[in-house]
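Student: Could you take one part of this model and describe closely how it sits against its surroundings? I would like the cut-offs spelled out as you go.

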Amino acid sequence: MISDKVVSILNEQINKEFYSAYLYLAMSAYFDEIGLYGFSNWTKVQAKEEMDHGMIIFDYIIDRNAKIDLKQINVPETNFKSALDVFEKIYEHEKYVTSSIDVIANMSMDECDLATRNFINWYLREQVEEESNANDIITKLKMFGDEKASLYLLDKELANREYKKHEYN
Ligand code: OFO
């Protein structure tokens, strides 16, 4: 049995995942405007993954025979100053998302909902990867600086990221 509290927090998480997609799309548009097309690709691929994250929770709520309650998605920030500024914002945002996943894990234990506790493990693992990906890029940006030649090389590297539908496993 899934409690109303758990259904409500899962619905909120759908909203956060789709907000994340919006945020990454805003970042992708910024990078496109300043000619960093590889960075634009990387953030656009991430936006698609965020939509997958939202859809996995959507399908889970339906599988538990509970009610979907879609909320309004906030307008994302668009005031970016540099590649480093964007990735620092990504890192902060992903830490915030991790803390919301932690709350779901705790609440599902409190509500004795072991199916949701088990389900949310996939997100806990995913968040470790997302924070680490952002942090790796921050490290590279700090190491090589914001100079044009190194940004160009990193941009080429990030152009290689390909979207692969994120499946729950
Ligand atoms: Fe869905 O993990 Fe990022 O926000």
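Tutor: The buried residues of helix 6 (148–158) are in contact, meaning heavy atoms within 4.5 Å, with helix 2 (37–63), helix 3 (83–110) and helix 5 (121–144). This is a predicted model, in which local features need pLDDT of at least 70 and side-chain atom pairs count only at pLDDT 80 or more, while totals for chains, interfaces and linings use all residues. Residues are numbered from 1 along each chain as its sequence is written, and side-chain values use heavy atoms, with hydrogens and water left out. Helices are DSSP runs (H or I, at least four residues), numbered from the N terminus.

The buried residues of helix 6 are Ser150, Leu151, Leu154, Asp155 and Leu158, where buried means under 20% relative accessible area and exposed over 50% (1.4 Å probe, protein chains only). Seen down the axis of helix 6, these residues fall within an arc of 140 degrees, so they line one face of the helix; the arc is that of the directions from the helix axis to the C-beta atoms. The face turned away from that buried side carries Ala149, Tyr152 and Leu153, which are exposed.

How values were computed. Helix = DSSP H or I, 4+ residues; strand = E, 2+ residues; numbered from the N terminus.
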